[in-house]
Amino acid sequence: MSINKAFPRYTAVLAGIIGLIFAVAPPAAYFALSWQSLRVSLEKEAEINAQKISLFVAANPLMWQFDEIRLKNILEGDNVRAIPEVRIVHDLRGIVATSDDGEPPWPVASRSYPVWDAGTPVGRMEIRISLRPLLRTTAALGGATTLVSAFALTMFFLYPFSALRKALGDVWEMKERAQVTLHSITDGVIATDKGGRILLMNDVAETLTGWTSMAALGKPLGEVFRPDRLEEDRLIETTNAPILDRAGIPAGSVLVLRDVTEKARMQDELMRSDKLESLGILAGGIAHDFNNLLTGVLGNISLAMEMVDSHKRAHSRLEEAVKAALRAKDLAARMLAFSKGGKPICEKISLQEALRDSIGFALRGTGVRCEFRVPEEVWAVYADPGQIGQVFHNLAINAVQAMPGGGHLRVSMENARVRDGEIPHVVAGNYVRIDVADDGIGIPADVLPKIFDPYFTTKEKGSGLGLTTCYTIVKNHKGNIFARSAVGGGTTFRIHLPATGEILPKAAPPREAVALPGSAAVLLMDDEEMVLDVVGEMLAHLGYKPDFARHGEEAIAMYEEAARGAGKFDIVILDLTIPGGMGGKEAASRILGRHPEARIIVSSGYSSDPIMSRFKEHGFAGVIAKPYKLGELSHVLRQVLGKEEEAVPPPADSPRDQILSPTP
């Protein structure tokens, strides 16, 4: 048989095959893609609704399945598919807690997702949807494609080469469109025709736009992708790639959506972190210099009080000046707590006193009254008293600002045992739970997640660092802090701090250190002339023989020279930090390397430096934090000389593995 005679037959067979493919393939492909899109959409909706219900269950774990009204409110939403569906919530026994009325027409597809409470499934969220619209559309498409394929069969039989060229052109365009889409598949992808109507969307695009592929099909791009309707604070980068036909004429386009919210947020957090670190370093330096100045102030006041009769009126004024200086000392300690490296110096304490003192001081002179509900049997905690006091102080100040016209602040404390996974970022164990609640103006829901962010503030004159400092301190104590609030309903801050599980007896009031005379030779090393002057006067007043060095090298040389002669120093006081020179740590190491019997006291304005809390591990015999009074200096000197009983620090293997420096 000749080719010319066989060609029509082959052409007819090829046309028949192509006609069959055109009749069957589009409906089948449409049904498969639509079913896949519908299945994924159902799974996502079931998961999202289950997560919302899980949050509701966490807030109401015992009665959630009986609150049908609120469960229905959670499930309410626009049905963008316009397809009959039913949403059902039931517990693990299959008892329905809430559901829509009726049942979608058969056949039905369903997807479900578990509802969780503290890591344990307590029920399921199920969505049932009718497949009739999809089947009807598929059937209609099948009928249309059958007619088209019959027409194509005839045309291809009559004009085989023309039809073949057109088919190849269509395949080429489909291939080009698929390649462009495939290259951008990791982001949100929307393909449109030359009229700007949507042909397909991927899963990411569905998430970003809030539309399913079925609902968006054939819709104008401007109706589906609305940047002004994206979630608040979400940033989207867009790129548009044209799809060209064989003649180079645009036949459509592919829009690529890239969510850069997290990237921008990370950049912002990095900038904030850098600013916060710089500010912390600055705060630490200021606090150090401030403590040096306070050493001069407090030392001179202590000397003046020794020279004035206690019955004189001037003596009472000097006592008030001491109180003011000690408050300034607390302020410096708070700056150090915020500074870089301001790790807590923990000891076993009872929180009652720190709570009452810090909040009472913050509320002094305001129109806010405080109600304390603090039982006696609250466990002790390992904490830095100054830093924890700062947390309570900041929360009280925050409450005062939330109640400008006055109001009530309710403070409660109780023991709590936390299980694994019960509280985010908190390990299981014994805790003390503290609630600080006001009846102020409250915090809007969109603002509440940001209140612990650095520099975030809604106050005109606020720094945005108060609550950030609270958060940092509590986290450094291996605890947690979070807030609940409602506009007009006040705010409650809840803190969990790790507890020892034991109750401390009431501590006796601290005993004022008494200035007692001495007669030892003392070498004092400090870079501040004012400190050398006032501490030298204090030493001389107590009967000691002081000598002075400005940096570590000079102190070492003077000690070596005295050791070779008859004027050996009995005690050395070394400042820990000497800008531009050798500090106390290295100087002490060198002196002790040649003279292990040397008795050295470490002193610093950085009271939170780890060396100050673990001074014995570095070879020091004593410690004294700037600023200090005459009696405190006398106490430490006599203690190092063995003339007073040494305070016993807590054991090094304590739960927080930190040692408190002896308190004068």
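## Buried charges, an open sheet and an exposed loop

Both K626 and D526 are buried, a term that denotes under 20% relative accessible area, with exposed set at over 50% and partly exposed in between (1.4 Å probe, protein chains only). E529 and R550 form a salt bridge as well, at 3.2 Å from N to O. E529 belongs to helix α13 and R550 to the loop between β17 (545–549) and α14 (552–564), so this pair ties together parts that are 21 residues apart in sequence. A salt bridge is defined here as a side-chain nitrogen of Lys or Arg within 4 Å of a carboxyl oxygen of Asp or Glu. Helices (H or I, at least four residues) and strands (E, at least two) are DSSP runs, numbered from the N terminus.

The structure is a predicted model, in which local features need pLDDT of at least 70 and side-chain atom pairs count only at pLDDT 80 or more, whereas totals for chains, interfaces and linings use all residues. Residues are numbered from 1 along each chain as its sequence is written, and side-chain values use heavy atoms, with hydrogens and water left out.

The protein as a whole has 17 helices and 20 strands. Of its 664 residues, 42% are buried. Contact means heavy atoms within 4.5 Å; among contacts with a separation of 6 or more, 67% are between residues 24 or more positions apart. The protein exposes about 35500 Å², of which carbon and sulfur atoms supply 57%; such areas come from the Shrake-Rupley method with a 1.4 Å probe, and for residues only the protein chains shown count as cover.

The charged pairs may now be taken in turn. Side chains of opposite charge can pair when their charged atoms come close. A search of the whole structure finds 17 salt bridges. One of them joins K626 to D526, with the closest N and O atoms 2.5 Å apart. K626 is placed in the loop between β20 (622–625) and α17 (630–640), and D526 in the loop between β16 (521–525) and α13 (529–542), so the pair ties together parts that are 100 residues apart in sequence. In the pair described above, E529 is partly exposed at 47% relative accessibility, and R550 is partly exposed with a relative accessible area of 36%. K626 also forms a salt bridge with D575, where the closest N and O atoms are 3.5 Å apart. Because D575 is in strand β18 and K626 in the loop between β20 and α17, this second link ties together parts that are 51 residues apart in sequence. D575, like K626, is buried. Elsewhere, R39, E43 and R111 are linked in a network of salt bridges.

In β19 (residues 600–604), five of the five residues are buried. In a regular strand the side chains alternate between the two faces of the sheet.

An open sheet of five strands has the order β10-β12-β13-β15-β14, with mixed pairing. β10 (368–373) and β14 (480–485) stand at the edges, each with a single partner strand, so one side of each lacks a neighbour in the sheet. From one strand to the next the twist averages 20 degrees. Six bridges join β10 to β12 (residues 407–418), and these strands run parallel; C370 stands opposite L409 in β12.

Two helices lie across this sheet. Helix α11 (residues 385–402) lies across β10, β12, β13 (429–438), β14 and β15 (491–498), running at about 175 degrees to β15. Helix α12 (residues 466–476) lies across β14 and β15, at about 140 degrees to β14. The axes are lines fitted to C-alpha atoms, for helices over the stretch in contact, and angles run from 0 to 180 degrees between N-to-C directions. T492 lies in strand β15 and is buried, with a relative accessible area of 18%. Not counting residues up to four places away in sequence, T492 touches D435, V436, A437, F482, A483 and R484.

The loop between α1 (3–59) and α2 (68–75) contains F66, which is exposed at a relative accessible area of 58%. L62, M63 and F66 make a nonpolar surface patch of about 380 Å².

Methods:
Patches are made of residues with over 30% relative accessible area and no salt bridge: like charges are joined within 9 Å, nonpolar side chains (Val, Leu, Ile, Met, Phe, Trp, Tyr) within 5 Å. Two strands pair if DSSP finds at least two bridges between them.
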